[in-house]
Amino acid sequence: MIAQEVRFLDCGKNRRLRFGISDPVNFRIEADGLVYAAKSLQLSTDRTTFLVIKAQDVDSQEQWQTEVRLSSKPGVSPQDGGAAPQGIQEIVFPRRQQQADGGSLLKRMKRDWVIPPINVPENSRGPFPQELVRIRSDHDKNRSLRYSVTGPGADQPPTGIFIINPISGEVAVTKPLDREQISNFHLRAHAVDLNGNQVENPIDIVINVIDMNDNRPEFIHQIWNGTVPEGSKPGTFVMTVTSMDKDDPKTANGMLRYKILSQNPESPASNMFTINNQTGGIITVAAGLDREKVPQYTLIIQATDMEGNPMYGLSNTATAVIKVMDVNDNPPEFTADTFYGEVPENKVGVTVANLAVTDKDQPNTSAWNAVYKITGGDATGRFSIPTDPTTNEGLVTVIKPIDYETSRTFVLTVVAENEASLARGIHLPRQSTATVSIKVLDVNESPYFDPNPKLRQLEEGLLAESVLTTFTAQDPDRFMQQNIRYSKLSDPANWLRIDPANGQISTIAMLDRESPYVKNNYYNATFLATDNGDPPASGTGTLQIVLLDINDNAPHVFPPDVEVCEKPEPNAINLTAVDRDLNPNAGPFAFELALSPPDIRKNWTVTPAERYVEPRGGSRVRDSPRGGGWRGGGHRRQV
């Protein structure tokens, strides 16, 4: 059946045109502009179908469009045999049941009487008011009635969208409708007589706003960011882009389709990615993602409604930025086969060489950060190679002292790896290795005494100018011809001197064990050995002299003075003796009375403290292990 003939006037330009139609499922349009129903259609009497026809110039791609309105033929009311106004559907209130005698049963009909919905396309151009349907009661044959509609859109907000002619019952819309604001209206139609009495039960009228494709798809984000590891296989998921369309998603107006319009750069192929046209999911479709060659791709994504039909669908675009994420597919490589360095002997914590590598992977990542290992030439573990976090260089560092006289050079074998393991499937022909040649520099080292301290055991009382020992130092610089001179650094009692040329130590005073500079029989003296290097270096050594005791100190009575008072009965005092020497040179002690004054023996005697013994005579005090006691008369005396 031919539905409509669409004519296109090209003003004699004889353009080659291609026609498209918005509902290719139910209609088709021929090359000559004739519109056909593609299948048998069941059109309701209350429905108007809108089609959008597009014409495109085949050569210039210029487009034009128009709107075709298809309406069902007006019907005839079975109740009165009369016709409703041209193109207007008529809704008749349900009949009441009749009694056998012709009377009317006042039975209330159901409130939810179903009336077929009225479909009104959004964005209609009018003219307005535009009639939609006619409300009618059978009682209008016998009396005058008044019709009204109530509900949102009529007498409730938003008011005034729908109006009704109270006499004819024609319901009209007063302005274009917007489905995206209100998709349907529920009105209630009433019929009353001139006195306001209800003559019919109200009926419900549903007005559906038919969607038109008046909204473009809108991407949730204008720029979408995604990532994909380099080397990913085809079929690897990357990201999903999403667009929304305010039109009815149940119709083609809101059914979106996605596609990739462009890829930049087009390397290594122009179709590295594909997109699921319904979900917006982006996946890889080709191999060869290499961050070191192309670190980022920019895709222009298009979303089109009307199920992606380019003739009459509305489109919008967004940008997808896909960063190619680094994996460790490039090992570090040394910039030279051999590196050189030098270090003074005995220096610790100094960097002697910087090892440089190149790595094509992403800087400052585990795939780029280098780790250096010594695999040969450092059996004693004198070096380490930490990594400089800024430059990624290996810092060859001395961690143990090196003796030039033992090792003059080192040749280290070093390998470089990454913190991260190489990506699966990456095979290297060899590991990156390098040689580090390190020269040890000789420096003037301090002379050292051996042994240090040096111990000598001597008897006290040794006279001045006695030779004690020779205390010499060794020079570790075997490859330097140097002389060592000696000097005294510390000699608390000033007993010693050292020969500056040969280190011979002799006395300049008598050695005394009882000197306050002797502690626990030990006397310490420190000497300095200085070489003639440039600059000079010196070392110290300590001579420890253990002084052996001799009996060179007499005992002393203690206390030296004491007072007693004369009493009728005999009195006594206790005395003892003190000796600075050590046993056996300090006792036992023996006590005797002195010879002066001559008459002392008449009044005093001395006896050991354990028992009273009165020796007669004697003028000396002999060594004894015990103290003595004095006994005398009752006169006050001083002893």
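User: How many salt bridges does the structure hold?
Analyst: The structure, a predicted model, holds 13 salt bridges.

User: Why would side chains pair like that at all?
Analyst: Side chains of opposite charge can pair when their charged atoms come close.

User: OK, what does arginine 143 meet in a salt bridge?
Analyst: Its partner is the side chain of aspartate 193, at 3.8 Å from N to O.

User: Now glutamate 307. Which residue does its side chain meet in a salt bridge?
Analyst: That would be arginine 257, with 3.7 Å from N to O. Glutamate 307 is partly exposed, its relative accessible area being 41%.

User: What about aspartate 491, which residue is its salt-bridge partner?
Analyst: Lysine 488, and the closest N and O atoms are 3.1 Å apart. Aspartate 491 is buried, with 13% relative accessible area. Lysine 488 is partly exposed at 33%.

User: Which residues are linked in a network of salt bridges?
Analyst: Arg136, Asp138 and Asp140 are linked that way.

User: Switching to serine 137. Where is its place?
Analyst: Serine 137 is in the loop between E9 and E10. Its relative accessibility is 0%, so serine 137 counts as buried.

User: What does the side chain of serine 137 make a polar contact with?
Analyst: With the side chain of glutamate 200, at 2.6 Å.

User: Last topic, confidence. What is the mean pLDDT of the protein?
Analyst: The mean is 82, and 79% of the residues reach 70 or more.

User: Where does pLDDT stay under 50?
Analyst: One such stretch is residues 73-87, for which the model has 21 contacts beyond four places in sequence. Residues 611-639 also stay under 50, and there the model has 103 contacts beyond four places in sequence.

Key:
Residues numbered from 1 in each chain as written. Predicted model: local features only at pLDDT ≥ 70, side-chain atom pairs only at ≥ 80, totals over all residues. Heavy atoms only, no water. Salt bridge = Lys/Arg side-chain N within 4 Å of Asp/Glu carboxyl O. Buried < 20%, exposed > 50% of the residue type's maximum accessible area, 1.4 Å probe, protein only. pLDDT = per-residue confidence, 0-100. Contact = heavy atoms within 4.5 Å. Helix = DSSP H or I, 4+ residues; strand = E, 2+ residues; numbered from the N terminus. Polar contact = N/O pair within 3.5 Å; in protein donor to acceptor, adjacent residues only side chain to side chain.
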